[in-house]
Structures are given as C-alpha cells and as structure tokens.
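The entries follow the order in which I looked things up.

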Amino acid sequence: EAGGGGHHTIAGDYIVVQASAEALGGILRYIYQGSTEIRLDAAVEALVLAGRWGLDSLVASLERGVAENLTIDNAAWALQGADIAGASALRERCLVYIITNFDRVCKTQALRDLSRELLLEILHRK
C-alpha cells in the first residue's frame, strides 16, 4: 500500500514487517547493493521504513526522488508519508505543491484520506 508506512512488530526473536514487496525489496537492494532505485509508488512507503530504521542516506535519496515527481494524484499520500517519516523538507514541498494546486488536488481520494491535522494545516496555510 502506497504511503502505508510498513508496520512492524517484534514476535519472539523476529521482527515482522508489513510492507509491500517493492518497498522492502528496494530497501534490501539499498542495504546489500547500494542501489536506491525504487518505483515511485513504493518510494513513500520505503521512505517511512528507511526513516524508522535509521537509513539516513536512503531517506535523503527517496525524499529527492519523490519531491521531483510530485503530481496531483500522489502529492497527498507523499505528504502523509513525509509526515510519518519526519522528512521535513519533503513535507514542506508537498504542502506547497498541494496549496499551489489545491483546486485539482482537493478532488483526489488521497487528500480526503489525510489525517485531520494535515488537512487543517493545509487549510490554515491556504
């Protein structure tokens, strides 16, 4: 799920990660091969996981990639993911994009699915 954040729990000696195969695979490719290539639809989810796991250089790379590819359809879920991950530069860029394109972004389901706090922040800044 895009922007879902990949929940994880500890079960005995194992960490169970609930994340898309693409997001988790992208993180593993980064760890073992140094590759930061992750499909855009999984990049926000990978960003959240990378932030939780302290993979700062991957977070920075994913932030840049997502910020450069913001669209009407993905800006709200990118904002949600940036907020969860604590990616402040991406969060700000998403907010500016959403506010600038509000008439079109407001028609997306992703905007309606944002947290109340983020919706209020958008409306306050608009």
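Entry 1. I began with Val-66, which I found in helix H3; helices (H or I, at least four residues) and strands (E, at least two) are DSSP runs, numbered from the N terminus. I noted that the model is predicted, that local features need pLDDT of at least 70, that side-chain atom pairs count only at pLDDT 80 or more, and that totals for chains, interfaces and linings use all residues. Residues are numbered from 1 along each chain as its sequence is written, and side-chain values use heavy atoms, with hydrogens and water left out.

Entry 2. Is Val-66 buried or exposed? I recorded Val-66 as buried because its relative accessible area is 2% (buried is under 20% relative accessible area, exposed over 50%, partly exposed in between, with a 1.4 Å probe and protein chains only). Leaving aside residues up to four places away in sequence, I listed Leu-40, Ala-43, Val-44, Ala-78 and Leu-90 as the residues that Val-66 touches, contact meaning heavy atoms within 4.5 Å.

Entry 3. I turned to the packing of H2 and H3. Helix H2 (residues 40-52) packs with H3 at an angle of about 150°, the axes being 9 Å apart; axes are lines fitted to C-alpha atoms, for helices over the stretch in contact, and angles run from 0 to 180 degrees between N-to-C directions. H2 and H3 are therefore roughly antiparallel (angles under 35 degrees count as roughly parallel, over 145 as roughly antiparallel, 65 to 115 as roughly perpendicular and the rest as oblique). Their crossing is left-handed, that is, the near helix is turned anticlockwise from the far one by less than a right angle, clockwise being right-handed. Val-66 is among the H3 residues of this contact, with Leu-58, Val-59, Leu-62, Glu-63 and Gly-65, while H2 supplies Leu-40, Ala-43, Val-44, Ala-46, Leu-47, Ala-50 and Gly-51. I classed the contact of H2 with H3 as ten nonpolar, two polar and one charged residues (Ala, Val, Leu, Ile, Met, Phe, Trp, Tyr, Cys and Pro count as nonpolar, Asp, Glu, Lys and Arg as charged, and the others, Gly among them, as polar).

Entry 4. Which residues join H3 to H5? Helix H3 (residues 56-67) and helix H5 (residues 88-100) pack at about 10°, with axes 9 Å apart, and are therefore roughly parallel. I found Glu-63, Val-66 and Ala-67 of H3 against Ser-88, Ala-89, Leu-90 and Arg-93 of H5. The contact of H3 with H5 has four nonpolar, one polar and two charged residues.

Entry 5. I then examined helix H4 (residues 75-85), which packs with H5 at about 150°, their axes 8 Å apart. That angle makes H4 roughly antiparallel to H5, and the crossing of H4 and H5 is left-handed. I listed Ala-75, Ala-76, Ala-78, Leu-79, Ala-82 and Asp-83 of H4, and Leu-90, Arg-91, Cys-94, Leu-95, Tyr-97 and Ile-98 of H5. The contact of H4 with H5 divides into ten nonpolar, no polar and two charged residues.

Entry 6. I checked the cysteines. Cys-94 counts as buried because its relative accessibility is 0%, and Cys-106 counts as partly exposed at 28%. I found zero disulfides, a disulfide being a pair of cysteine sulfur atoms within 2.5 Å.

Entry 7. Last, I took the chain as a whole. The protein chain holds eight helices and two strands, in the order β-β-α-α-α-α-α-α-α-α from the N terminus. Of its 126 residues, 40% are buried.
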